2 protein chains.
Amino acid sequence: MDEFDFISKVKPNKTFQHNIVTGIGDDAAIYKATKNYNQVVCVDTMVEGIHFLKELSSPTDIGYKALAVNVSDIAAMGAIPRYYLVSIAIPPYWKEEDLLSIYNGMEELAKKYEMDLIGGDTVSIADKLVITVTVIGEVEEHVQALRSCAKPGDIVFVTGPLGDSAAGLDILLGKCDVICDPLHKEYLISRHKRPTPRVEVGRFISLLDRVALNDISDGLASELNELAESSHVGIVIQERLLPVSPALKSVEGQYDLSKWILFGGEDFELVGATSEEEWEKVKKLCHESDLFIEQIGTVTDEFQEVRLKRTTNEILKLKKSGFNHFRK
Amino acid sequence: MDEFDFISKVKPNKTFQHNIVTGIGDDAAIYKATKNYNQVVCVDTMVEGIHFLKELSSPTDIGYKALAVNVSDIAAMGAIPRYYLVSIAIPPYWKEEDLLSIYNGMEELAKKYEMDLIGGDTVSIADKLVITVTVIGEVEEHVQALRSCAKPGDIVFVTGPLGDSAAGLDILLGKCDVICDPLHKEYLISRHKRPTPRVEVGRFISLLDRVALNDISDGLASELNELAESSHVGIVIQERLLPVSPALKSVEGQYDLSKWILFGGEDFELVGATSEEEWEKVKKLCHESDLFIEQIGTVTDEFQEVRLKRTTNEILKLKKSGFNHFRK
C-alpha cells in the first residue's frame with residue numbers, strides 16, 4: 001500500500017464547510033475562522049487491544065467511535081464541530097479495505113454534522129492499530145461551558161441514560177449473562193460501539209448564561225468529581241433520579257447496576273450544572289425538541305465532596321473511580 | 001502512573017499566547033482566532049521503532065523532533081505556529097521520567113516560537129510508544145503558499161543544505177563509515193535528531209505575491225515531484241546548485257552523496273518556487289537577516305516532469321522515490 005495512493009482514496013470529493021481555504025493534500029490545512037466565534041480543539045487516541053478489539057468491532061464502528069468521542073468533547077464545550085484530522089498508525093495485518101472502512105465510519109458521523117476531513121497522517125507500526133483524531137469546532141465568543149462554572153444551589157443534569165456503554169462492553173466480552181433479550185443486547189452494544197455525541201443538546205446548553213459542562217467518558221462518578229474539584233463545590237446526586245434505559249431496567253434487582261451507571265464510562269452523555277432559572281430554560285428548550293435532559297442532583301457548598309443518596313436514603317461518598325485509562 | 005496526575009505534570013505553568021481562553025484541563029481547548037488571519041492546522045505521528053529508536057534518541061530529542069516536524073509543516077504554509085496538542089500512547093516499559101522528558105523536549109522548541117501546549121490525550125498501549133502532535137498556526141488571510149502555485153519560468157529554491165539528516169541517521173545506524181570527523185558526525189546526527197523548522201524564512205516567503213512551498217520531509221526528489229504534479233509544471237534542478245554542508249562535502253568523491261541529498265528526507269528545509277522578481281525580493285530579505293536561501297533550479301512547462309542536470313551535464317529524470325512511509 002502506498003501512502004500517497006491511500007490519501008487520495010480517503011480525500012473527500014466534496015466538502016460542507018465554505019470556510020476551508022485548503023483541505024487535505026498540502027503541508028497543512030487552512031480555514032477561515034468564523035467571525036465572533038472562538039476556536040475549540042481536542043484530540044483523542046484509540047488503540048487496538050485497549051480501546052477496541054478487531055474481533056469485536058467492525059472497522060466502520062471503530063472509525064465512527066474514534067470521531068464520536070472527539071465530537072463529544074466539542075459538544076461538552078457547547079460548540080459546533082466543523083473539521084477533523086486523522087492520524088493513523090497501521091500494522092501490516094490491516095487490509096486496505098478495512099482501513100478505508102474506518103474512514104467511512106468517520107464520514108458517516110461527519111456527514112450528520114457537516115464536518116470535513118481536512119488533514120492527517122498515515123504511518124506504519126509493527127503491531128496494533130492506533131488512531132488519533134483531532135476535531136476543531138467553533139463556539140460563540142461569550143460561551144464558556146467549563147468544568148469550573150458550577151455554583152452551590154445549581155441543578156445537576158444529564159442528557160441521557162447512564163451505564164449502557166459499559167453494559168454493552170461486558171456483553172461483548174462475554175462477562176454479562178443477566179441480559180438475555182436480544183433487542184436489549186443489541187441496544188446496549190450499539191450504545192458502546194456507536195455513542196451519540198450530544199451536539200444538539202450542547203448547543204441549547206450553550207445558550208445559558210452560566211453552565212458547567214463535561215462529557216461522560218470516564219464514568220459519572222469521575223466526571224462529577226472533576227466538576228466538583230474544578231468548581232470548588234460539592235455535589236449530591238439522587239440514585240432515584242439517575243436515568244436508566246429499559247435494557248438495564250430489565251435486570252434491576254437481579255443485578256447491581258451501579259457499577260455500570262456510576263463508574264462505567266464511555267456513555268458520552270453530557271453532565272452539567274446550572275442555576276434553577278437557567279435549568280428551567282434549557283429543560284423547556286430540550287423537551288420542545290424531543291431531546292432528553294433530566295435533573296439528577298444539586299450542587300452544594302461542601303467543598304469538592306460528591307455524594308450519592310441511594311433509594312434506601314443511605315448516603316455514600318462517590319470517589320473518582322470510574323475508568324481512568326493509563327492506570328497501572 | 002495516573003492519567004490525571006501525569007496531565008497535571010505536563011500542564012504549563014504559564015502561557016505565551018494571550019488568545020487562549022481555556023487551555024489544558026477541560027474537554028477541549030478554546031482560543032480566539034487573530035483578526036484577519038486564517039487558521040492553519042496539521043498533525044503528524046511518530047512511532048517508536050519506525051520513526052525513532054529508544055536506544056538511539058534521548059526522550060528530549062524525541063519530543064523536540066515530534067513537535068519540530070509539525071512546526072515545519074506550518075512553516076511550509078508561511079504561517080506562525082501558535083498552539084500544539086499532544087496525544088501519546090504509552091507502553092508499560094516507558095518510565096514517567098522519560099515521558100516528562102519528551103514533553104520537555106517539545107517545550108524547548110515551543111518556547112522559541114512562543115507556542116503553547118493547549119491539549120492532548122494520554123492512553124496506554126501494549127508495545128511501542130506512539131506520539132501524535134497537532135499544531136495550529138495562523139497566517140494572514142491573503143497568504144496561500146501552496147504546492148500548486150508554481151508557474152513556468154519560476155526560480156526553484158531551498159532554505160538549507162540537503163541530505164544531512166539521512167547521513168546522520170546512517171551514522172546512528174552504523175551504516176556509514178566514510179564520515180570520520182567527530183564534529184561532522186555530531187553536526188549530521190544533530191540535523192537528524194533536532195531538525196530546525198524554517199519558520200523565520202517561511203515568514204519572509206509569505207510576503208511574496210505568489211509562491212509554491214513545501215517542506216522536505218520525504219526527500220527533495222519526492223517534494224519536487226509533488227510541486228510539479230500539483231502545479232502541472234516541470235522542474236529542472238542543477239546538481240551544482242544543490243547546497244551541501246561541509247560535513248557531506250568532506251566525503252565528496254569518496255561516496256555517492258546523491259542518495260542522501262535527493263532521496264534522504266527529513267531535512268525539513270523548505271523548497272519552493274516563485275517568479276524571478278519575487279525571488280530577488282525574498283533573497284534580499286533573507287540574506288539581510290542572515291537566513292540561508294539559494295536557487296537550485298527553474299520551473300519549466302514540461303508537464304509534471306522533474307529532471308536533474310548533473311555536473312557532468314547528463315540529464316536524469318528524478319522520480320518520487322524519496323522516503324515514502326507506509327510502503328510495504
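# A Guided Tour of Chains A and B

Begin by selecting chain A, whose secondary structure comprises 10 helices and 13 strands. The model is predicted.

Keep the whole chain in view. Along its principal axes, the C-alpha atoms of chain A occupy a box of roughly 60 × 50 × 40 Å. Among the contacts in chain A with a separation of 6 or more, 85% are between residues 24 or more positions apart.

Next, display the surface of chain A. Its accessible area is about 12800 Å², and carbon and sulfur atoms contribute 49% of that area.

**First stop: A:Asp218**

Select A:Asp218, in the loop that runs between β8 (211-215) and α7 (220-231) of chain A. An unreviewed UniProt entry places the feature "binding site" at this residue. Is A:Asp218 buried or exposed? Its relative accessible area is 9%, so A:Asp218 is buried, the cut-off for buried being under 20%.

**Second stop: A:Ala145**

Move to A:Ala145, in the loop between β6 (130-140) and β7 (155-158) of chain A. This residue counts as buried because its relative accessibility is 1%. Which residues are in contact with A:Ala145, leaving aside its neighbours within four places in sequence? In chain A they are A:Ala76, A:Met77, A:Gly78, A:Val211 and A:Leu213, and in chain B there is B:Asp26. A:Ala145 and A:Leu208 are 63 residues apart along the chain, yet their C-alpha atoms are separated by 9.0 Å.

Select helix α6 (residues 199-205) of chain A and find A:Val201 within it. With a relative accessible area of 3%, A:Val201 is buried. Apart from neighbours within four places in sequence, the residues in contact with A:Val201 are A:Thr159, A:Cys286, A:Leu291, A:Phe292 and A:Ile293. A distance label may then be drawn from A:Val201 to A:Asn225. These two residues are 24 apart in sequence, and their C-alpha atoms are 22 Å apart in space.

Select A:Asn36, in the loop between β2 (29-31) and β3 (37-47) of chain A. What is the phi of A:Asn36? The angle is positive, at about 65°, although A:Asn36 is not a glycine.

Turn to chain B and select B:Glu266, which is in the loop between α9 (258-263) and β10 (270-274). B:Glu266 is likewise a residue other than glycine with a positive phi, here near 65°. Its relative accessible area is 13%, so B:Glu266 is buried.

**Last stop: B:Ser101**

Remain in chain B and select helix α3 (residues 96-113), where B:Ser101 lies. Why does B:Ser101 count as buried? Its relative accessibility is 18%, and buried means under 20%. Finally, show the residues around B:Ser101. Leaving aside its neighbours within four places in sequence, B:Ser101 is in contact with B:Pro59 and B:Thr60.

Technical notes:
Residues numbered from 1 in each chain as written. Chains lettered and ligands numbered in written order. Predicted model: local features only at pLDDT ≥ 70, side-chain atom pairs only at ≥ 80, totals over all residues. Heavy atoms only, no water. Helix = DSSP H or I, 4+ residues; strand = E, 2+ residues; numbered from the N terminus. Contact = heavy atoms within 4.5 Å. Areas by Shrake-Rupley, 256 points an atom, 1.4 Å probe, with all protein chains shown as cover. Buried < 20%, exposed > 50% of the residue type's maximum accessible area, 1.4 Å probe, protein only. UniProt positions renumbered as here; feature names shortened; annotations may be inferred.
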